[in-house]
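Subject: Structure handover

Hello,

Here is the structure for your set. Please look it over first; my notes follow below.

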Amino acid sequence: IAQLQREYDAYRREREQQQWELGRQVEQQRREHEDIVGQLQQSNTELQQAHATSEQRITQLRRELDQQSQSLDDERLRSSDQTREIERLRLENDGLRRELSSLQAADPNRLREYPWPDILRATNSFSGDMKAGEGGQGDVFLCWLNEEDVAVKRLDHAAPWAMESYDAELNTIGRLHHRRLVPLLGYSTLVEGDAVRGWCLVYRAMRGQDLEVRLMKR
């Protein structure tokens, strides 16, 4: 009986040891399971946050794209309006040119106002190669202007008498028409801000004839 009791006690202790070991393994597995579940929950939370951030970024990019598309449409509309305005101004300018041509045709003695850029192009910016002579009141350049052979007299704008001389020639030679006078065709002025920076008088060129020959011609 004593032997059986000892064997039973040994068996019981072994079973208790096995149950304790089994319980320890179960607890370890439970903790590992909880850790894995926690990691999965954290990963899921991070994925949700990343997804939310991505959605916000996508929404922001869509708004920016819509704004850029709207700006592009507005720019196209403005460009179209500007193109129409340019075309309108061109047509208006053509009409004014035709009206000016009609006026000049109706009154051949009417002095013409030449744009300063046209004078610069015709004289190659007052190139010395095109200079025909120099005088006390300015330089004279021979050139082609609006399909006409002309002599452009550039007054020295720095001279104190320049404006007075300019007005005098316009009001005298510009109004007189005589076969012994070189015809004055028109004028041109360079205006910068509120100040006049240049004066030019445009005469019909008399190539191959000096002033004395012109004055003495019958």
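Of the 218 residues of the protein, 18% count as buried. Buried means under 20% relative accessible area, exposed means over 50%, and partly exposed is in between (1.4 Å probe, protein chains only). This is a predicted model: local features need pLDDT of at least 70, side-chain atom pairs count only at pLDDT 80 or more, and totals for chains, interfaces and linings use all residues. Residues are numbered from 1 along each chain as its sequence is written, and side-chain values use heavy atoms, with hydrogens and water left out.

**Overall**

The protein has four helices and six strands. Their order from the N terminus is α-β-α-β-β-β-α-β-β-α. Helices (H or I, at least four residues) and strands (E, at least two) are DSSP runs, numbered from the N terminus. Now the contacts (heavy atoms within 4.5 Å). Among those between residues at least 6 apart in sequence, 52% join residues at least 24 apart.

**Strand pairing**

Two strands pair if DSSP finds at least two bridges between them. E3 and E4 run antiparallel and are joined by eight bridges. Leu 145 has Glu 148 in E4 as its bridge partner. The two strands form a hairpin with two residues between them. Asn 146 in that turn has a positive phi of about 55°. Glu 147 is in the loop between E3 and E4. Its phi is near 60°, a positive value in a residue other than glycine. Glu 147 counts as exposed, at 78% relative accessibility.

E4 also pairs with E6: six bridges, antiparallel. Here Val 152 stands opposite Val 202 in E6. E6 is joined in turn to strand E5 (residues 184-192) by eight bridges, again antiparallel. Val 191 has Val 196 in E6 as its bridge partner. E5 and E6 form a hairpin with two residues between them, and Gly 193 in the turn has a positive phi of about 70°.

**Cores**

A nonpolar core is a set of buried Ala, Val, Leu, Ile, Met, Phe, Trp, Tyr and Cys residues joined through side-chain atoms within 4.5 Å. The largest one has 13 residues. Those with the most contacts inside it are Ile 119, Phe 126, Leu 145, Val 150, Val 152 and Val 202. Helix H2 (116-122) and strands E3 (138-145), E4 (148-155) and E6 (195-204) each give two or more residues to this core. A second, separate core has eight residues, including Leu 155, Leu 170, Trp 199 and Tyr 203.

What does Val 152 contact beyond its neighbours within four places in sequence? The partners include Ile 119, Phe 126, Phe 141, Cys 200 and Val 202.

Lys 153 lies in strand E4. Is Lys 153 buried or exposed? Lys 153 counts as buried, at 16% relative accessibility. Not counting residues up to four places away in sequence, Lys 153 touches Asp 139, Glu 169, Trp 199 and Tyr 203, among others.

**Aromatics**

The structure holds two aromatic pairs. A pair of aromatic rings is described by the distance of the centres and the angle of the planes. Rings of Phe, Tyr and Trp (its six-membered ring) pair if their centres lie within 6.5 Å; planes under 30 degrees apart count as stacked, over 60 as edge-to-face and the rest as tilted. Trp 116 and Phe 126 have ring centres 5.9 Å apart and planes at 55°, so this pair is tilted. Trp 116 is in helix H2, while Phe 126 is in the loop between H2 and strand E2 (131-135), 10 residues apart. Trp 116 is buried, with a relative accessible area of 11%. Phe 126 is buried too, at 12%. Trp 116, Phe 126 and Phe 141 form one aromatic cluster.

The charged end of Arg 154 sits over its ring, 4.1 Å from the centre. That term requires NZ of Lys or CZ of Arg within 6 Å of the ring centre and within 35 degrees of the ring normal.

Leu 111 is in the loop between helix H1 (2-106) and strand E1 (112-113). Leu 111 counts as partly exposed, at 21% relative accessibility. Leu 111 and Leu 185 are 74 residues apart in sequence and 5.6 Å apart in space, C-alpha to C-alpha.

Best wishes
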